[in-house]
Amino acid sequence: MFNQLSKANFRLKMSLFGACLSVAVIGGCTVSAKNNDEISTLQTKTVTEKNNLAEPNAAKSTSLKGRIQIKANSPADAVRTFYKNLRERRFREAMLMTNVRPAIEGLSDAEMQDLSMDFEPIAKQVPPDIQINGEIVTGNTATVTAKMPNDDTGVLEDKVFNLRRENDSWIIITADEKAEAAVKKEGKNYFFNIRIEVHHVEAKMMLERISKAEMIYALRNGNAFADMQTLIDQGLLASDAQSTESTGYRYTVTLSSDKKKFFVTAEPAVYGKTGKLSFLVEVEGAGKEARFKSQDKKGEPLKK
């Protein structure tokens, strides 16, 4: 019914919202076997307690194995500090260490707090102990290698993070050139614009879930459709369809008097903040093709 994004493309879309965090920070770039061997030859093998990498009660013999010594103000130190800020929910401080800094600098405390709900899932994925095992510096650019859990399997694997030096500080590249240009152009509106784009995609997907639930219900009930609560009670639809928290949209199912037709509307919970488009899906009967429409109605429904 809708031109849905694939799982991979949707994850990429979500990564843009978090300044490419789900890819460039949590996921990183998997190191090829060749590059991994090259980095290994450049790693510092001497490890002392001065590294301060392991947790106080961690077993030194295992937790420090294969790590490098980290110098203050080095690229590796920047990665370690960035993760520490993320884990401790100091999101402003963390993001100011990246190339999306222009999108953060102009945010008020209230706006930053608003965005915190979107960074929170990322913070939860940051392990308590970051195993940094490689650093290569070439002029004003650098790469840092760290052991990070795979998003899907949780298995530790080598990830590479790119950095560049700006004003005597190392910043982490979390957005590609195109995204960085957008950050500079949109400034403090960048994250909010991406949030809206993602919510539009999620709203379309929710409408499809509701429509499919209606079709299944109709097949079981003489081609009659049902209200949203009935779909939820029947286990055909998740209860998050009644909440604006997951997608930033509110949804309403309207049935015809004989329950043989229905339409679903979706409007942003807060126009201009959680979304801009209003959506409508109409079905004229069981087995009929659904008609989809979207338009900027300033937060008003497309049909009442």
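Colleague: What makes the crossing of helix 8 with helix 10 left-handed?

Modeller: Helix 8 passes helix 10 in a left-handed crossing, the term for a near helix turned anticlockwise from the far one by less than a right angle. This is a predicted model, in which local features need pLDDT of at least 70 and side-chain atom pairs count only at pLDDT 80 or more. Residues are numbered from 1 along each chain, and side-chain values use heavy atoms, without hydrogens and water.

Colleague: Why are helix 8 and helix 10 called oblique to each other?

Modeller: The axes of helix 8 (residues 109-125) and helix 10 (residues 190-220) cross at roughly 45°. Under 35 degrees counts as roughly parallel, over 145 as roughly antiparallel, 65 to 115 as roughly perpendicular and the rest as oblique. The two helices are therefore oblique.

Colleague: Which residues of helix 10 make the contact?

Modeller: F191, F192 and R195 of helix 10 meet E111, D114, L115, M117, D118 and F119 of helix 8, where contact means heavy atoms within 4.5 Å.

Colleague: Why is the pair of F119 and F191 called edge-to-face?

Modeller: Rings of Phe, Tyr and Trp (its six-membered ring) pair if their centres lie within 6.5 Å, with planes under 30 degrees apart stacked, over 60 edge-to-face and the rest tilted. For F119 and F191 the centres are 5.6 Å apart and the planes at 80°, so the pair is edge-to-face. F119 lies in helix 8 and F191 in helix 10, so the pair ties together parts 72 residues apart in sequence.

Colleague: Why does F82 count as buried?

Modeller: Buried means under 20% relative accessible area, exposed over 50%, partly exposed in between (1.4 Å probe, protein chains only). F82 has 1% relative accessibility, so F82 counts as buried.

Key
Axes are lines fitted to C-alpha atoms, for helices over the stretch in contact, and angles run from 0 to 180 degrees between N-to-C directions. Helices (H or I, at least four residues) and strands (E, at least two) are DSSP runs, numbered from the N terminus.
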